[in-house]
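I opened a new page for this structure. My plan is to look things up one at a time and note what I find.

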Amino acid sequence: MIEVKYFGAIAEKTNCSDEKIVAVDLSLRQLLDELEQKHQLNELSFSVAVNQKIVQDIEKYELKDQDIVALLPPFAGG
Amino acid sequence: METTRYNRQIILPEVGTNGQEKLHNAKVLIIGVGGLGSAVLPYLAAAGIGEIGIMDSDTIDVTNLQRQVIYNTNSVGKSKVLEAKERILALNPSIKINAIPEKLDAKNAISLFDYYDIMVDATDNLQTKYLINDACCTTNKPFVYGSIYKFEGQISVFNYKNGPTYRCLFPEETNQVINCNDAGVLGISVGIIGMFQANEVLKMVLGIGDLLSGKLLVYNMLNNDQQKFEFSKKHAIAIDKLSFENKYLKSKNSGIEILASLALEQVNNPEVIFLDVRNWDEYPKIIIENSIQVPLDNLEKELNQLDSNAVFFVFCQSGIRSKMAVEILRKNRFKKVQSIVGGAKMLDKLLYNETVLVS
C-alpha cells in the first residue's frame with residue numbers, strides 16, 4: 001500500500017487530498033505515470049517527495065510498501 | 001538605540017540587548033508590499049529591524065484592502081511603498097524605511113541585493129521568484145520564501161549560507177501557476193504565511209531556533225495540517241555571476257543572441273566553448289583556444305559529441321545559421337547556448353582590428 005498526498009492545484013485536480021494505491025514492486029516513475037493519466041496532471045508542474053524528502057532523481061526511485069508520496073506544486077500567490 | 005520600546009522582547013534571554021543590537025543593524029529587503037508584504041513589514045518594523053527596503057511599483061486598489069491591511073480606504077490610488085512607509089514610520093520612527101517604487105528586474109536586483117542582508121519574497125508570480133533566487137545566488141544572500149494557493153501556504157528559506165535554493169526545490173521554470181488575484185484568497189491566509197516569513201527573518205538575524213533552510217513548510221489553513229519536506233542542494237543548477245548575466249542581461253531577443261564584444265570577454269573562461277557552424281572552407285578563420293567547428297549540416301549528427309552542460313557561443317559568417325544552430329541545440333536540451341551577433345565577421349574585427357566601434 002502506498003499513500004499519495006496532493007497539494008495546491010493538484011489536490012483540486014484530483015478532487016481529494018490523499019488516496020491509497022495498492023501496488024507491489026512499483027517504481028516512482030510508474031506510479032507518477034499512472035497518476036498523471038488518471039488525474040490528467042500533464043500540464044501541471046510539481047516536485048515529488050517520498051516520506052517527506054524531495055526526490056532528486058525520480059527515474060531511479062523504487063517505492064516500497066507503506067511509502068508516503070507527496071505531489072508538491074509551486075504556489076505563486078502573495 | 002532606544003530600548004524601552006523593545007523591553008518585552010529584550011527581556012527574553014534569546015534576544016537580550018545583544019539581540020536587539022543585531023536587529024538594529026540588520027538590513028532587510030521586502031519585495032512586494034501586497035498581502036504577504038503587508039503582514040511581514042509591520043512586525044519587522046515593530047521588532048526594530050534597523051533598515052527595511054520595500055519594493056513595489058503598484059498603486060493601492062480597493063480589492064487589495066481585504067488582505068493588505070496596512071493600507072486605508074483613503075489610500076486607494078496611491079503608491080503602495082510610499083503609503084506603507086508613512087504608516088510604518090508612524091508605528092516605529094526609530095528605524096529607516098527605504099521606499100522603492102520599482103519593479104524588481106535583473107538590472108536593479110544585483111545592486112539592491114548587495115546592499116541588504118536578507119530578502120523577503122512577498123511577490124505573487126513565479127518569474128520574479130526565479131529572479132530573486134538567481135540574484136540571491138549571485139550575491140550570496142539568503143531569501144525567505146512565502147507563497148499561497150487558496151487555503152494552503154508554503155514557506156522556506158533559500159540560499160542560506162550556500163544552502164539549497166528555490167531551483168533545488170522547483171527546478172522546472174513554469175508560469176502556469178495562478179496567483180491570489182486569479183485564484184482568490186482570504187486575508188487571514190496571507191497574514192499567517194507572512195507571519196511565518198517574519199519569524200524566519202527574526203530567527204535568522206538573532207541566530208536562534210532552526211531555520212527552514214532545506215525544508216519546505218506547507219501549511220493548510222482549513223485543517224491546520226502542517227508538514228515539512230526536506231530537500232538538498234543540487235550542484236548542477238548553481239547560479240553564478242556569469243550565468244546570471246547571460247540569462248538576464250547580456251542578451252537581447254529573449255536570450256538567443258549575445259553581442260560579440262560580450263562573448264569575447266569570456267574568451268579565457270574554460271567553461272565557455274565557441275562553436276563555429278560554418279563550413280570548413282569559409283573565411284576568415286577565427287582562432288580561439290576554446291573553439292570547435294561543426295558545420296550546421298552536421299550539427300544534429302554530432303550532438304552527442306558536445307557537452308550539453310557547457311556554455312556555447314555559436315557563430316557563423318553573419319549570424320543567421322548560428323541562430324538556427326541555437327534552436328537545434330536548445331531543442332536538444334542544451335540550455336546555455338547563444339548566437340553571436342555579427343558572427344565571424346564581427347569577431348574577426350574585434351580580435352584583429354581594435355579600432356572598430358561596436359554599438
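Predicted model: local features only at pLDDT ≥ 70, side-chain atom pairs only at ≥ 80, totals over all residues.

**Entry 1: helix H4 of chain B**

I start with helix H4(B), residues 80–91. I count 12 residues in H4(B), and the helix reaches 16 Å from its first C-alpha to its last. That is close to the 16 Å expected at 1.5 Å a residue.

Which residues of H4(B) are buried? I list Lys80(B), Val81(B), Glu83(B), Ala84(B) and Ile88(B). Looking down the axis of H4(B), I see these buried residues fall within an arc of 160 degrees, so they line one face of the helix. On the other side of H4(B), I find Leu82(B), Glu86(B) and Ala90(B) exposed.

Next I ask what covers the buried residues of H4(B). The cover includes three elements of chain B: helix H3 (35–47), strand S2 (51–55) and strand S3 (96–100).

I also check the N-terminal end of H4(B), which Ser79(B) caps. A side-chain oxygen of Ser79(B) lies 3.4 Å from the backbone nitrogen of Val81(B).

**Entry 2: helix H2 of chain B**

I move to helix H2(B), residues 16–25. Here I find Gly16(B), Gly19(B), Gln20(B) and Leu23(B) buried. They cover an arc of only 100 degrees around the axis, which puts them on the same side of H2(B). Thr17(B), Asn18(B) and Asn25(B) are exposed, on the face of H2(B) turned away from its buried side.

For the cover over the buried residues of H2(B), I note that it includes helix H1 (7–10), H3 and helix H9 (187–206) of chain B.

**Entry 3: Val40 of chain B**

I pick a residue in H3 of chain B, namely Val40(B). Is Val40(B) buried or exposed? Its relative accessible area is 0%, so I write down buried.

I leave aside its neighbours within four places in sequence and look up its contacts. Val40(B) is in contact with Ile30(B), Val120(B), Gly194(B), Gln197(B) and Ala198(B). I also take a C-alpha separation: Val40(B) and Tyr6(B), 34 residues apart along the chain, are separated by 18 Å.

**Entry 4: chain B as a whole**

I step back to chain B. I count 14 helices and 14 strands in it. Its C-alpha atoms fill a box of roughly 80 × 45 × 40 Å, taken along the principal axes. Of the 359 residues in chain B, 53% are buried. Among its contacts between residues at least 6 apart in sequence, 66% join residues at least 24 apart.

**Entry 5: where chain A touches chain B**

How many residues of chain A are in contact with chain B? I find 21, and they are in contact with 39 residues of chain B. The two chains bury about 2400 Å² between them, with 54% of it on carbon and sulfur atoms.

I look for salt bridges between chain A and chain B and count one. The side chains of Glu12(A) and Lys150(B) meet in it, at 2.7 Å, N to O. I then turn to polar contacts across the interface and get 16 residue pairs.

Last, I check which elements of chain A each supply at least two residues of the side that touches chain B. They are helix H1 (8–14), strand S3 (47–50), strand S4 (53–54) and strand S5 (68–72). H1(A) gives the most, with three residues.

Key:
Residues numbered from 1 in each chain as written. Chains lettered and ligands numbered in written order. Heavy atoms only, no water. Helix = DSSP H or I, 4+ residues; strand = E, 2+ residues; numbered from the N terminus. Expected span 1.5 Å × (residues − 1). Buried < 20%, exposed > 50% of the residue type's maximum accessible area, 1.4 Å probe, protein only. Arc of directions from axis to C-beta. Contact = heavy atoms within 4.5 Å. Polar contact = N/O pair within 3.5 Å; in protein donor to acceptor, adjacent residues only side chain to side chain. Buried area = accessible area lost by both parts, 1.4 Å probe. Salt bridge = Lys/Arg side-chain N within 4 Å of Asp/Glu carboxyl O.
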